[in-house]
Amino acid sequence: MDCREALELVTPAVDGYLDCGVESQLQEHFEKCPACRSEFELERITKRVFKLHMSRVPAPQALAERVRAQLSAGTLAGSVPQFEIKKFLFQPTWRTFATAAGAIAVLLLIVLIPYKPQHSHARPIDGNIINQTYNNFGEVLKGTIVPGISSEDPAQVKSYMDPKVGFRTHVPLLKHGRLVGGMQAHYNDENVAHIIYRQNDNVIYLYQARLQSVMDGHTLRLPDSVKREILRTGSYFERQCAGCTLMLWTVDSTMCCAIADMGQPELVAFFKETE
Amino acid sequence: MLIPIFPLLTKTATREKHGEFEREALPHMDILYNYALRLTGNPDDADDLVQETYLKAYRFWDKYEKGTNIRAWLFRIMKNSYINRYRKETREPDTVDYNDIQNFYNIIRAESADPNDLQEKIFGGLLDDDVARALETLPEDFRTVVILCDIEGLTYEEIAEFIDCPIGTVRSRLHRGRKMLRTKLFEYAKKRGYVTNE
C-alpha cells in the first residue's frame, strides 16, 4: 500500500468503514509512514473533539407548535393548491361523483344566479391604506399572505412584530376571536403590520401602520375626508362590498384598519370585546 | 345562496393531506432543526429556516414520492431554502497554514502516543463556542457533510442521498472538511493560549 492509497482510506477508517483485512494493511502502512499515521490520528481526534462539543439539540417545543399552527393557518386560509383537486377527481370513488355533482351544482348556481363577486378587493396600489387593506384582505383570503409568526398568544405575536415594524402593534386578546398570527411587510420605506384573526370560518384582517406616517401622508396616506372623520368621531367605516365592513381607528400612536366579511356592529363588537 | 359542497369536499382532501403530512414529515423536525442551527449559526434563523422548509414541503407534498427517503427530501428543500436566503460566499481560508498542526502533532506525538493525552494536549481547552465558530467558517458543502456524519450520525450512503452526490464525493468532502476544521480549531486553541508550541 502506498501513501496515495492509504490517504484515500484514512476517512473511512476514522468512521469505521474498513473491513479487517484492509484495516490491518493500513495499520502496516502507518508503521512505516508517520505522515500518514498522523493524518489518520489527527482526523480521528478532530472527529472526537467535534462530537464532544457539538451535541444534538432537540427542536424547541415552541417551534414545533408554530409549524403546526402555520400549517393549519395556511390550509384554513384557503390556500388549497390546485393539484389536490385534480388528484381528487381521478380517484374513482364516491367522492368523484360527489365532487362532480358539487361542481355542477356550483356551476348551475353561478349561471342561474346573477354573479356577484364576493371579494372584489382589487384596488389601486397608491399608498392609500384603505386600498391597501382591501388588496391585502384579498391576498389573505387567497392564502398568499402567510403569517411570519403563527400564534394564538398576543404577547408572542407582539414581541415578534414590534421589533420588526418599529412601532407598537395593537394585538388584543379577543373574546370572540382567535388570533392566527401576524407578519411584517413594508410599503416603500414604511413598515406595516398584518395581523390575522379568525372567528369560526371568518377571517378578520387587521392592517396597522404608524399613525404619524399616515397623517403625514408622505408614503402612506388617507383621504382628507377620512382623516377628518377619524379626528371627529375616532373611527371611520366603509361598506363597499356586499357583506364586508372596513373599519379604521387609532390605538395610541398606531393606525388600525380592520376588514372582515361581517356587518359593522359585528366588527365593532369583535374588536371591542377583549378578554 | 351558494351551497358550499365543493369547498366542503376540498376541505376533506385538505384534512387528509394535512394528517398525512403531519405523520410523515413532522417527526423529522429534530434533524432539520439541528442542520439549520449549524448551518445558520443562530437559533432564530434556524427557526425561520425550519418553518420555511415545512411550508414549502407542504406545498409540494404531491411531488414527494411515497416510500422514498423523506428525510433526504426535506433536507434538500431546506438546503435550497438556505441557499436562496442566506448564501454567503464562503471560501476556503487561504491564509491558514495547514501544516502547522501536523508539525505540532508530530512533536507531541514523540512525547506520548496515547491518543487521549494528545487530544487533551491540543484541544483540551476548547469551548463549545469555539467549535461552533470553527464549523461556521467551513464552506457550506464541507460543513454539510461534517454535520450529517458527525452530529447526525448518518452513513455515507445516506449522506450521498441527502446531498445527491456519489459516495466518493462524500468521503473526500468529509476528509477535507475535517482537515479545515482541525486547522481552525488549532488556530483557536493557540489564540487562547491552550497550546504553546512557540
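1. Helix 8 (154-165) and strand 2 (178-187) of chain A, together with helix 3 (43-59) of chain B, each supply at least two residues of the lining of the second largest pocket. Helices (H or I, at least four residues) and strands (E, at least two) are DSSP runs, numbered from the N terminus. A pocket is an open set of points on a 1 Å grid over the protein atoms alone, where a 1.4 Å probe fits, with protein on both sides within 12 Å along at least five of seven lines; lining residues have an atom within 4 Å of a point.

2. This is a predicted model: local features need pLDDT of at least 70, side-chain atom pairs count only at pLDDT 80 or more, totals for chains, interfaces and linings use all residues, and side-chain values use heavy atoms, with hydrogens and water left out. Residues are numbered from 1 along each chain as its sequence is written, and chains are lettered from A and ligands numbered from 1 in the order in which they are written.

3. Back to the second largest pocket. Its volume is about 380 Å³, where a volume is the space filled by probe spheres set on the points, and grid points are joined across faces, edges and corners. The lining has 16 residues. Nearest the pocket centre lie Gln70(A), Val146(A), Pro147(A), Gly148(A) and Arg85(B). Helix 3 of chain B gives the largest share of the lining, six residues. By type, the lining has five nonpolar, five polar and six charged residues. Here Ala, Val, Leu, Ile, Met, Phe, Trp, Tyr, Cys and Pro count as nonpolar, Asp, Glu, Lys and Arg as charged, and the others, Gly among them, as polar.

4. Next, confidence in chain A. The mean pLDDT (the predictor's confidence in each residue, from 0 to 100) is 81, and 83% of the residues score at least 70. Confidence is lowest in helix 5 (residues 82-89), at a mean of 36, and highest in strand 7 (residues 254-260), at 93. Over residues 76-92 of chain A the pLDDT is below 50, yet this stretch has 32 contacts beyond near neighbours in sequence. Residues 113-118 of chain A also fall below 50, with two such contacts. Contact means heavy atoms within 4.5 Å.

5. Chain A has 11 helices and seven strands. Of its 275 residues, 48% count as buried. Buried means under 20% relative accessible area, exposed over 50%, partly exposed in between (1.4 Å probe, protein chains only).

6. Which rings pair edge-to-face at 5.9 Å centre to centre? They are Tyr197(A) and Phe271(A), with 90 degrees between the planes. Rings of Phe, Tyr and Trp (its six-membered ring) pair if their centres lie within 6.5 Å; planes under 30 degrees apart count as stacked, over 60 as edge-to-face and the rest as tilted. Tyr197(A) lies in strand 3 and Phe271(A) in helix 11, so the pair ties together parts 74 residues apart in sequence. Both residues are buried. In chain B, Phe21(B), Tyr54(B), Tyr58(B), Trp61(B), Tyr64(B) and Trp73(B) form one aromatic cluster.

7. Helix 7 (residues 128-137) of chain B has these buried residues: Asp130(B), Val131(B), Ala132(B), Ala134(B) and Leu135(B). They pack against helix 3 (34-53) of chain A and against helix 2 (29-40), helix 8 (140-151) and helix 10 (167-191) of chain B.

8. Two backbone points to check. Asp252(A) is not a glycine, but its phi is positive, near 50 degrees. Asp252(A) sits in the loop between strand 6 (245-251) and strand 7 of chain A. Asp164(B) also has a positive phi, about 60 degrees, in the loop between helix 9 (156-163) and helix 10 of chain B.
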